[in-house]
Every structure is written in structure tokens, then in C-alpha cells.
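Please go through these points with the structure open beside you. They cover helix packing, pockets and a few backbone details.

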Amino acid sequence: MTVHEDAEQEPVPQKKKPLSEAEKRKKKIVPGSLMKAVIRPGGGDSTPSDGDQVIYHCTVRTLDGVVVESTRSECGGKGTPIRHVLGKSKMILGLLEGIPTMLKGEVAMLKMKAELHYGEADCPLIVPDNFPKDDELHFEIEMLDFFKVKVISDDLGVLKKVINEGQGWESPREPYEVKAWISAKTGEGKEILSHTKGEPYFFTFGKSEVPKGLEMGIGTMTRGEKAVLYVTNQYITQSPLMPIIEGVEEVLFEVELVHFIQVRDMLGDGRLIKRRIRDGRGDFPMDCPLHDSLLRVHYKGMLLNEEKTVFYNTRVDNNGQPLEFGSGEGLVPEGLEMCVRLMLPGEIALVTCPPDYAYDKFPRPANVPEGAHVQWEIELLGFEMPKDWTGLNFEAIMDEADKIRGTGNRLFKEGKFELAKAKYEKVLREFNHVNPQDDEEGKVFLNARNSLHLNVAACYLKMGECRKSIEACNKVLDASPAHVKALYRRGMAYMSAGDFEEARNDFKMMMSIDKSCEPDATAALVKLKQKEQEVERKARSQFKGLFDKKPGDIAEAGVDDRGDKRLGENQKNDDKEDSDGDKEFQEAEDAPPPMGFLSHLWPTGRRFFTALGLDRCSIL
């Protein structure tokens with residue numbers, strides 16, 4: 001049997017897109033169930049579509065002309081038109097189909113069968129029991145207006161109509177300081193308040209100083225934007241701006257966002273606050289300094305006392321020259337650098353800083369008291385981006401890597417392990433794009449990368465993150481399984497984590513690979529044995545007498561203060577030996593952090609309980 005190449009292939013059936021709820025409902029419309037008669041033509045040629053807010057009056061009558069309900073005051077209603085958002089609001093099926101056909105200003109009569117209004121099965125709206133939902137009815141609709149709105153709350157309690165677009169993209173948020181012209185009126189047009197003359201209304205975002213719905217709407221606006229906010233009564237909360245008015249279902253706020261000051265709670269606890277005084281150039285945060293940028297700033301430091309005593313001013317004390325420093329190098333107090341990195345060129349900011357982010361952990365000026373809260377007025381003059389390694393030859397790349405690694409080593413010696421680790425990791429990221437061209441370059445590159453991984457491991461060890469230190473060492477050993485420095489450092493990390501057997505294996509492996517490392521490995525094994533003995537002695541003391549009681553008795557675990565003291569003394573000696581004995585590792589120290597007892601308890605505790613003849617023991 002032959003197959004013709006030009007034979008038509010059967011079309012592959014395409015999966016149909018599932019119908020929306022509105023489309024499923026419209027399937028119920030049959031010819032004759034919805035009729036429309038235009039009473040008064042509208043203007044223009046545009047009609048409402050999904051996303052538009054439609055504002056209309058509606059009067060419902062029986063076919064005999066008896067008014068059932070109405071929004072018009074002359075027909076017994078409140079006089080307040082209905083506001084719906086097409087595609088969002090719950091509407092009866094006849095209006096869902098009929099309103100999108102109307103022009104602005106048009107008056108039309110929609111004649112609906114019961115299944116197209118409140119008599120529809122599963123109708124999303126509820127009416128009183130005396131409503132004739134099983135009858136055919138006339139709905140007289142006057143289309144007052146329609147326009148695009150932004151839905152701010154999911155329940156449609158807060159909507160926004162943009163009158164004039166603003167500038168930029170940034171919007172106010174907690175705890176920004178905001179200035180705005182604000183006026184408010186009811187849905188019927190009665191004025192409630194007007195702040196449109198004199199000074200704009202000032203408030204702090206997130207402090208309940210304006211009604212909740214108004215704040216939600218302003219939080220979507222940009223500088224200079226003018227908008228109308230439609231806020232229902234559940235979002236009209238008590239505030240200094242206006243009281244709660246009984247009987248008002250909706251308030252229309254006309255708002256012009258004049259200005260806002262960016263205020264940032266840098267730590268989230270109100271202690272380190274950055275307040276923008278003058279806007280900078282560019283867009284936030286895209287044009288802020290990157291990590292490792294060279295920054296140029298003028299700043300004035302003040303004490304937070306009544307006199308606001310100035311303790312340093314670059315314009316006076318630095319011969320008028322700005323301060324230049326590299327970000328991420330620990331050259332300025334941490335709080336100052338955190339804030340500068342969120343500034344734009346030309347911006348001036350006022351920073352209030354607690355002592356632990358000011359001068360408690362940084363060389364303190366002589367005229368700054370210990371534990372002082374300070375305030376800096378900072379102007380970011382500009383910054384230079386980090387040097388791009390693209391296009392550099394191998395030698396130039398390695399020179400740049402050595403400079404950054406040197407900065408990391410300085411930070412490590414200063415005890416700034418997190419910053420040091422960031423420097424090492426930056427070079428490692430850049431190394432992902434470096435391709436050595438020959439064996440000699442490959443050897444230099446591998447040695448440099450291994451050294452950086454070991455420096456990262458040393459940082460983690462100092463920070464008490466032993467497992468991450470082990471992972472960094474593993475990256476070296478994966479590439480160079482016989483790397484004795486990596487084995488030593490991983491052994492120290494295992495020892496700090498309480499994994500004594502793994503540590504012992506690494507130290508023994510060192511001796512089998514390189515006999516010249518035998519003194520270091522032997523010293524490490526002696527230290528390991530001491531730690532095991534101390535932990536076991538601690539365990540014996542801690543559980544002394546625990547198993548001497550009869551069933552049902554309560555035994556208190558004993559504590560040997562002398563054991564604690566010996567453990568502490570040995571720990572200090574171990575730290576000293578680590579810092580003095582590992583002379584060959586010049587890039588960073590690798591003294592392990594102090595061990596916690598519980599981190600070491602179980603490995604030797606298991607052996608201890610076995611020696612007592614208690615192979616199965618649960619510690620609760």
C-alpha cells in the first residue's frame with residue numbers, strides 16, 4: 001500500500017478555550033427574550049466595554065407601567081445613580097448584554113423576560129420576596145457616563161478614574177510623607193470638604209491620617225497625577241481629615257498628588273530612617289549605585305541632642321572635598337552606606353541612625369559619645385560603576401581579581417566577615433565568564449578559584465555556619481581531591497559542627513597525601529581528641545545520677561561547673577592555636593567559632609550511653 005505525499009493531512013483538533021462565566025450566562029439569551037427600544041439617542045459613537053465604570057439611572061416597571069424600583073428621586077428613589085464596572089460587578093443578564101450597546105446620554109427601554117433579570121436560575125443578585133422576579137419587566141436606563149477605571153480593591157469598594165497622568169512610576173507608601181490637594185463630595189454631589197487653597201494637605205502614609213480608601217487610592221498615584229477616587233462607606237474610616245458621615249454610601253474624592261517625600265524604614269523597626277529632602281536625577285531604583293561602586297558624597301554628621309551638635313562636615317573638615325569610598329568595603333558606618341546605596345545622583349537625604357549602625361561598630365569620632373544616636377545629612381554627588389571585565393585579557397582579569405580579594409582579606413582581618421565573603425563571591429561570579437586559553441592560564445585560574453572558595457569557607461566558619469563552610473570546601477575538593485588546605489579547613493568545619501569522625505578522616509587524609517602536612521594534621525588530631533574528651537566529660541557530668549534512680553523517681557541532671565570552665569579554657573586555647581598554627585593560609589584566618597555543647601552532644605553521647613550498657617536511650 002502506497003502513501004501519496006500530497007495527500008491532505010487531517011487537521012489536528014485544537015483545544016477550545018473554556019468559556020467565562022459571563023459567556024456561559026449569555027448562552028441563555030434566546031430570540032425575543034431581550035428587546036431594546038431607544039427613547040432618546042445618545043452622542044458620539046463609542047460604547048462601554050469591559051473595564052469601564054458605567055454610571056446610569058435605572059427605573060424598573062411592570063408592563064402595566066407600575067414602578068417597582070428606581071434610582072430617580074421623582075420615582076421614589078434616592079437620586080443616586082448606579083455605578084458598575086463591566087466585567088467586574090455583579091449584574092443581571094439583561095443589563096450585562098444591553099448596557100454595552102448604549103451611547104453616552106442615551107435613554108433606552110429594555111424589555112426582559114424573567115430569565116434575563118432576577119428570575120434567572122443562579123442569578124448573582126438577590127431581591128426582596130415581594131419583587132416580581134417571575135414577570136416580564138421594563139428597565140428604563142439612562143446612560144449618564146462611562147470611562148476606564150482602575151480597580152483598587154477586589155470588592156470594587158475603591159475605584160480610580162485618572163484625570164491627568166502623573167510623572168515617573170514611583171507611588172507613595174508607608175511611611176512616605178505626602179502633600180495633596182483633596183476635595184470630597186457625596187454621590188449626590190454634596191460637598192464634604194475642600195483642601196484646594198492655601199497649603200496642600202500633609203499626611204504621613206500608613207498612619208491612618210486619611211480614610212483607608214483614600215489612602216489606598218493615593219497609593220496608586222504618581223507625582224503630579226490628578227484623579228477621582230470612588231470610595232464606598234466600608235472604606236471611609238475615622239481620620240483627622242474628615243469625620244464618618246452617617247447615611248453616605250459613597251464618597252467621591254478629587255485628588256491631585258502634589259508631592260511626596262520618600263521615607264524609608266531601612267530596618268523595619270523604626271530605628272534607621274532615610275528621608276529624602278531633595279530629589280535626585282534618574283529613576284529609582286534603576287539609577288541607584290550598584291554594589292562595588294565608587295561613591296562621592298558630602299555629608300554633615302550631627303548628634304541627636306537639642307543643639308544638633310555637628311561633629312563632622314566634609315565641606316568644612318575635609319577642605320571642602322567630598323568623601324570618596326567604595327561600597328561594600330566597610331569604609332563608612334553601615335547605616336550610612338545602606339542609605340547612600342538607595343539614593344539617586346544629586347539627591348539629598350536626612351538619615352537618623354541608631355548607635356549599632358553608626359559608630360558602635362566603627363571607629364568613633366572623638367566628639368561622638370559612646371552609644372550616641374546620630375543624624376547625617378547626605379548629598380550623593382555621583383558614583384562610578386564597577387569596572388567591566390569584558391574585553392580584558394587574562395592577566396588584567398587576574399589583577400582585578402587580586403585587588404578585590406585583597407579588599408576581602410582586609411575586611412576579614414577587621415572582623416567584617418559578611419562583607420569579606422561578598423568580595424570573594426563577587427570574584428567567583430566573574431570567574432564564571434573567564435575562559436583560560438592554555439594550560440598555564442588554566443593552572444593559575446584554578447589556584448585562584450580554589451583560594452577564593454577556601455576564603456569563603458573561612459568566612460562561613462567565622463560566622464558559625466559550619467555546613468556552608470563544608471560546602472565551600474567541597475567545591476575545591478571536587479576539582480582537586482588532593483587539596484590539603486581544603487581537607488584541613490573542611491576538617492576544622494566538621495570539628496566545629498561536632499562531626500568528629502569526618503574531621504578525623506580529613507586530617508588523616510592530609511597526612512597520607514602530603515607528609516609535610518603531618519605536624520599540622522597531628523596537632524589537629526590532638527585538638528580533636530581534646531574536644532571529644534571534653535564533650536564526653538560534659539555529658540557524664542550533665543547526666544550524672546540520671547540512671548541511678550528507681551522507676552518513677554525524678555532525677556535532676558548534674559552540672560559540673562569545673563567541666564564548663566575546663567571546656568571554656570580549652571576552647572580559648574583552641575582558638576588561639578587555630579589563629580597561630582595555620583601559618584600557610586595567608587588569605588584568611590580559619591579559627592573555628594566557639595562550639596555550643598548541644599551541637600556536639602549526640603555523637604559522643606551515643607558512645608557514652610553504649611558504654612553504660614544503655615543502647616537505647618531517648619533524651620526528652
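1. Start with helix 8, residues 439–462, and its packing on helix 10. An angle under 35 degrees counts as roughly parallel. That makes helix 8 roughly parallel to helix 10. The crossing of this pair is left-handed. Keep in mind that the model is predicted.

2. Which residues of helix 8 and helix 10 meet? Helix 8 brings Leu454, Asn455, Ala457, Ala458 and Leu461. Helix 10 brings Lys485, Ala486, Arg489, Met492, Ala493 and Ser496. Sorted by class, this contact has seven nonpolar, two polar and two charged residues.

3. Now turn to helix 9, residues 466–479, and helix 10, residues 484–497. Their axes come within 9 Å, and the crossing angle is roughly 160°. Are the two helices roughly parallel or roughly antiparallel? Angles over 145 degrees count as roughly antiparallel. Helix 9 and helix 10 are therefore roughly antiparallel to each other. Helix 9 passes helix 10 in a left-handed crossing.

4. Look at who touches whom in that second pair. From helix 9 come Cys466, Arg467, Ser469, Ile470, Cys473, Asn474, Val476 and Leu477. From helix 10 come Ala486, Leu487, Arg489, Arg490, Ala493, Tyr494, Ser496 and Ala497. By class, there are 10 nonpolar, three polar and three charged residues in the contact of helix 9 with helix 10. Find Arg489 of helix 10 on the model: this residue takes part in the contact with helix 8 and in the contact with helix 9.

5. Rolling a probe the size of a water molecule over the atoms shows where empty space is left. The largest pocket holds about 1,000 Å³ of space. Its lining has 36 residues, and Pro81, Ile82, Arg83, His84 and Glu249 are the closest to the centre.

6. Which strand gives the most to the lining of the largest pocket? Strand 4 does, with four residues. Strand 2 (52–62), strand 3 (67–70) and strand 4 (82–85) each supply at least two. The lining has 14 nonpolar, 14 polar and eight charged residues.

7. The second largest pocket holds about 450 Å³. It is lined by 18 residues, with Gly330, Val332, Glu334, Lys416 and Leu419 the closest to its centre. Helix 5 (334–340) and helix 7 (417–431) are the elements that give two or more residues to this lining. By class, the lining of the second largest pocket has eight nonpolar, three polar and seven charged residues.

8. Finally, check the backbone. Most residues other than glycine have a negative phi, and most peptide bonds are trans. The peptide bond from Glu174 to Pro175 is cis, with omega near 0°. Pro175 sits in the loop between strand 8 (158–164) and strand 9 (177–186). The bond from Phe284 to Pro285 is also cis, again with omega near 0°. Pro285 lies in the loop between strand 15 (273–278) and strand 16 (294–303).

9. Lys308 is not a glycine, yet its phi is positive, at about 50°. Where is Lys308 found? Look in the loop between strand 16 and strand 17 (310–313).

Terms used:
Residues are numbered from 1 along each chain as its sequence is written. This is a predicted model: local features need pLDDT of at least 70, side-chain atom pairs count only at pLDDT 80 or more; totals for chains, interfaces and linings use all residues. Side-chain values use heavy atoms; hydrogens and water are left out. On a 1 Å grid over the protein atoms alone, a cavity is a set of points where a 1.4 Å probe fits but cannot get out, and a pocket is an open set with protein on both sides within 12 Å along at least five of seven lines; lining residues have an atom within 4 Å of a point. Grid points are joined across faces, edges and corners, and a volume is the space filled by probe spheres set on the points. Ala, Val, Leu, Ile, Met, Phe, Trp, Tyr, Cys and Pro count as nonpolar, Asp, Glu, Lys and Arg as charged, and the others, Gly among them, as polar. Axes are lines fitted to C-alpha atoms, for helices over the stretch in contact, and angles run from 0 to 180 degrees between N-to-C directions. Angles under 35 degrees count as roughly parallel, over 145 as roughly antiparallel, 65 to 115 as roughly perpendicular and the rest as oblique. A crossing is left-handed if the near helix is turned anticlockwise from the far one by less than a right angle, and right-handed if clockwise. Contact means heavy atoms within 4.5 Å.
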